[in-house]
Protein chains: 2
Amino acid sequence: APNAPGLARLLEEILAPAVQVMKAKEPKGTRDTEPFQMAVRNKAFAIIRATFDRHGAVGIDTPIFERKETLMGKYGEDQKLIYDLKDQGGEILSLRYDLTVPFARYCASHGVKQIKRYHIGTVYRRDQPNVNRGRYREFFQCDFDVAGPGAVMSQEADVLKVLTEILDALQLGEYRVKLNHRKLLDAMMAVCGVPAEKFRTICSAIDKLDKEPWEKVREEMTVEKGLAPDVADKINPYVTGGVAEASPNSVLAKLRKDSKLCAHPSAAAALDEIEVLFNYLRAMKCLHRISFDLSLARGLHYYTGVIYEAMLTTEDGVGSIAAGGRYDGLIGMFSPRSIPAVGVSVGISRILAIMEQQESKRGGVKGCPTQVLVASTAENSLVARMEICALLWEAGVNAEYLYEDSPKHKHQLEYAIKEGIPYIVFIEPSQKTLQIRNITTKQDDQVGRGEVCAFFASRLKVDASAK
Amino acid sequence: APNAPGLARLLEEILAPAVQVMKAKEPKGTRDTEPFQMAVRNKAFAIIRATFDRHGAVGIDTPIFERKETLMGKYGEDQKLIYDLKDQGGEILSLRYDLTVPFARYCASHGVKQIKRYHIGTVYRRDQPNVNRGRYREFFQCDFDVAGPGAVMSQEADVLKVLTEILDALQLGEYRVKLNHRKLLDAMMAVCGVPAEKFRTICSAIDKLDKEPWEKVREEMTVEKGLAPDVADKINPYVTGGVAEASPNSVLAKLRKDSKLCAHPSAAAALDEIEVLFNYLRAMKCLHRISFDLSLARGLHYYTGVIYEAMLTTEDGVGSIAAGGRYDGLIGMFSPRSIPAVGVSVGISRILAIMEQQESKRGGVKGCPTQVLVASTAENSLVARMEICALLWEAGVNAEYLYEDSPKHKHQLEYAIKEGIPYIVFIEPSQKTLQIRNITTKQDDQVGRGEVCAFFASRLKVDASAK
């Protein structure tokens with residue numbers, strides 16, 4: 001049958017793509033990082049690392065997996081979300097779930113008693129992914145922690161200053177850092193009459209106030225969680241009422257006047273600490289970023305002192321972009337003695353998603369780093385284009401040539417425009433000078449071979465450290 | 001018994017550390033990255049990324065794990081070294097074994113037909129680790145590949161130029177890039193009379209010539225692998241005899257005069273390609289790094305054209321620090337059509353180990369990035385020290401203060417010396433000026449508060465992009 005080969009090919013074409021898509025899938029809940037996203041990530045990480053450097057923090061890294069027993073018993077119910085490796089003989093391993101437990105293990109492994117360190121790395125959670133809302137099974141965390149002894153609030157102040165410097169430098173938009181103190185929160189609940197065994201569950205209700213109105217939270221407290229209505233009503237003024245707009249010191253002054261609250265020794269001690277902290281933050285010029293907010297009640301299970309959470313005020317529904325606090329019991333879990341610590345975890349993956357959106361509007365970050373396309377319309381011009389590229393590379397200019405013997409003028413121009421390359425150098429073998437076109441302004445300059453590097457040195461940001 | 005509590009405590013002290021060491025172990029064959037190693041890594045990666053940027057290459061990343069079926073059947077016998085994840089429901093996953101198969105999967109997933117990309121990431125091999133010789137189960141790879149159509153040798157030249165720029169910039173010491181062509185090697189063996197079915201096994205014998213003398217390799221060929229002695233003797237002049245010292249073009253000229261070899265069509269074609277490549281490398285000023293060496297016969301299973309391997313000539317026993325070649329069949333394995341490609345894999349972990357040794361001698365890289373310790377001997381000086389730190393941070397100076405209310409003079413000085421911090425600023429509350437001590441020269445300067453940033457701007461490399 002004369003048609004059979006054609007039919008076979010047709011069938012192959014119909015079926016092949018389906019087979020291919022099957023085979024070429026990335027794992028569920030993960031994503032590849034494409035060139036533009038990678039450029040955004042590199043930009044963000046450079047800013048973040050520079051901030052840590054400015055504060056004298058050191059970087060560390062740990063393996064992507066740990067011995068399973070290292071992670072066991074550290075995450076409560078979430079332990080079921082840990083990725084285990086298959087038992088192929090030897091140790092039983094699991095992928096790291098966060099950077100905190102590996103940090104604690106690191107301190108014990110290396111006998112570290114005092115450190116100011118950061119760690120940027122991926123962590124793994126076998127959670128239900130929600131790719132549209134940016135929830136992945138593999139995502140980045142960026143932790144900054146100060147572990148070891150220190151004067152009251154001297155480390156908290158440094159951590160909060162680092163956080164505000166990072167958020168300022170990333171230019172994500174306006175943000176504020178909500179701040180509270182675990183002991184103040186506990187004292188407030190005790191003073192209002194919350195029974196001690198209900199502290200945690202009432203906390204988690206309070207923590208919903210940034211998404212839900214008081215009436216709904218009050219209903220959760222009373223109907224669902226069995227809190228006496230008059231107790232709930234006593235909590236109300238502490239956790240609602242526009243604290244966000246008030247200055248941190250005015251909230252502090254108001255609480256200082258609350259004689260019933262201040263009669264509780266933990267409350268008085270916590271307010272003293274917060275006053276010290278605000279003095280330090282004023283000295284470091286970042287107090288204006290702080291909202292002293294008693295409705296911040298998140299993740300209290302291991303925090304022992306000041307807690308905080310940063311959120312963008314410009315983007316709706318983004319929620320927390322960084323959070324942390326003091327946790328004096330956690331780092332010492334592998335050591336016989338405890339190591340006090342305070343830190344912050346910056347939500348890198350969320351921040352990268354925001355930056356990708358902003359940068360794709362701004363056009364400031366390109367996947368393709370090329371600054372100059374070295375072109376020619378002559379036949380067999382590769383050697384000529386390579387020679388000019390080599391000159392530019394040596395001067396630290398990002399340059400490239402097309403991989404064709406005799407590329408067409410139109411093709412080279414289109415490539416430069418498509419990739420956002422700002423300049424084309426045209427080499428004409430008959431002429432001694434090079435023609436340099438600025439793609440944006442369409443201006444052409446004639447420049448001698450010997451002056452081409454100087455031409456770009458004054459017009460582009462070149463890497464002066466290049467050989 | 002009055003002694004019992006003391007005995008119990010003694011027993012506890014004896015036993016506790018043993019338990020702790022057990023618990024705090026990193027997985028076998030992996031290592032933590034400590035601050036000094038991290039600083040070296042960041043330095044190396046910055047240099048490598050800048051080189052890729054200069055050539056207009058884009059960066060990508062892929063998840064640390066792939067679907068197991070993506071990796072199956074790609075690594076031959078080494079497949080047994082792949083780390084599988086436990087089946088916890090859902091997809092069956094494995095940790096990536098290299099960056100090449102994920103790249104092929106990436107190209108298919110995103111419909112990429114042409115790309116110049118680099119990828120720096122960790123890979124995982126359940127191999128017998130040899131920590132002393134730098135062989136780990138988790139280690140970095142750095143791959144640079146040009147995939148897609150291109151004029152003969154135009155891409156090979158770019159890849160080799162990138163490789164030499166990276167090795168130059170990393171300043172590891174003298175190196176050379178051995179270069180050969182798979183088709184030339186096959187033709188040479190055919191001309192010498194090696195039976196086609198013995199090509200691979202004879203190749204692997206030839207490849208040992210950088211570690212073993214000809215006599216030993218000849219014995220392997222003849223006794224062990226059954227090659228006729230006269231055939232082995234015909235191979236000898238091609239693969240021994242000081243090619244390393246000869247210029248690439250003189251080796252080429254010598255082979256051109258070998259009429260028997262050149263009568264083989266593959267050999268003639270390969271020599272033509274190599275001649276074109278050498279012209280390009282001369283145009284890009286890196287031909288002097290090349291050794292045209294017919295004894296290079298490594299990893300031939302998927303290479304289809306030019307192959308190369310870089311090694312340091314100064315360090316003994318370091319062996320290969322980068323290797324690559326053209327492999328036109330590999331990238332297309334997830335696509336219905338093949339995508340030609342050429343690339344290089346830089347042995348980052350080996351390079352980092354060398355750099356760590358060099359930098360610890362040189363003292364150019366410190367784990368602690370601090371440039372200025374802001375100190376005072378006054379009581380309760382934290383606010384004063386924080387104010388000066390904030391000024392310095394804003395000016396892009398890396399500064400820190402000790403976390404004590406009233407640190408002692410000696411303690412602050414010792415800290416600066418121990419951490420290699422070049423300057424101390426002393427704040428004396430009674431004086432209007434600050435005293436700045438250069439730790440190396442022991443010179444003291446008196447500087448007004450308003451001039452402190454300018455003082456360091458002229459003396460330190462500060463991050464001008466800081467806010």
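In this predicted model, the contact between the two chains draws on 96 residues from chain A and 96 residues from chain B. About 8,200 Å² of area is buried between chain A and chain B, and carbon and sulfur atoms give 57% of that area. Three residues stand out on the chain A side: R54(A), W393(A) and Y403(A) supply 10% of the area that chain A buries against chain B, more than any other three residues. Polar groups take part as well, with 35 residue pairs in polar contact between chain A and chain B, counting pairs in which both residues have pLDDT 80 or more. Ten salt bridges are found across the interface of chain A and chain B. As for individual salt bridges, the side chain of K116(B) meets that of E400(A) in one, at 2.7 Å from N to O.

How the two chains are arranged comes next. Two copies of a chain are related by a rotation about an axis and a shift along it.

The largest nonpolar core holds 109 residues, among which M188(A) and F456(B) touch the most other members. Helix 12 of chain A, residues 265-283, makes the greatest contribution to this core, with nine residues. A second, separate core has 108 residues, including V374(A), L392(A), I206(B) and V365(B). Beyond its neighbours within four places in sequence, M188(A) is in contact with I206(A), I235(A), Y238(A), V239(A), L261(A) and L294(A).

Helix 12 of chain A also contains A267(A). This residue counts as buried because its relative accessibility is 0%. With residues up to four places away in sequence set aside, A267(A) touches L184(A), A187(A) and L261(A). A267(A) and D186(A) are 81 residues apart along the chain, and their C-alpha atoms are separated by 8.2 Å.

Leaving out residues up to four places away in sequence, V177(B) touches L160(B), L163(B) and T164(B), together with R289(B), I290(B) and S291(B), and finally Y308(B), E309(B) and A310(B). From V177(B) to M38(B), the separation is 139 residues in sequence and 28 Å in space, C-alpha to C-alpha.

The backbone has some features worth a look too. Most residues other than glycine have a negative phi. Q171(A), however, is not a glycine and has a positive phi of about 50°. Its place is the loop between helix 5 (154-170) and strand 6 (175-181) of chain A. Q171(A) counts as exposed because its relative accessible area is 52%, over the 50% cut-off. In chain B, N380(B) likewise has a positive phi of about 50° without being a glycine. N380(B) lies in the loop between strand 11 (372-376) and helix 14 (382-394) of chain B, and with a relative accessibility of 57% it is exposed.

Definitions and conventions. Residues numbered from 1 in each chain as written. Chains lettered and ligands numbered in written order. Predicted model: local features only at pLDDT ≥ 70, side-chain atom pairs only at ≥ 80, totals over all residues. Heavy atoms only, no water. Core = buried A, V, L, I, M, F, W, Y, C linked by side-chain atoms within 4.5 Å. Buried < 20%, exposed > 50% of the residue type's maximum accessible area, 1.4 Å probe, protein only. Helix = DSSP H or I, 4+ residues; strand = E, 2+ residues; numbered from the N terminus. Contact = heavy atoms within 4.5 Å. Buried area = accessible area lost by both parts, 1.4 Å probe. Salt bridge = Lys/Arg side-chain N within 4 Å of Asp/Glu carboxyl O. Polar contact = N/O pair within 3.5 Å; in protein donor to acceptor, adjacent residues only side chain to side chain.
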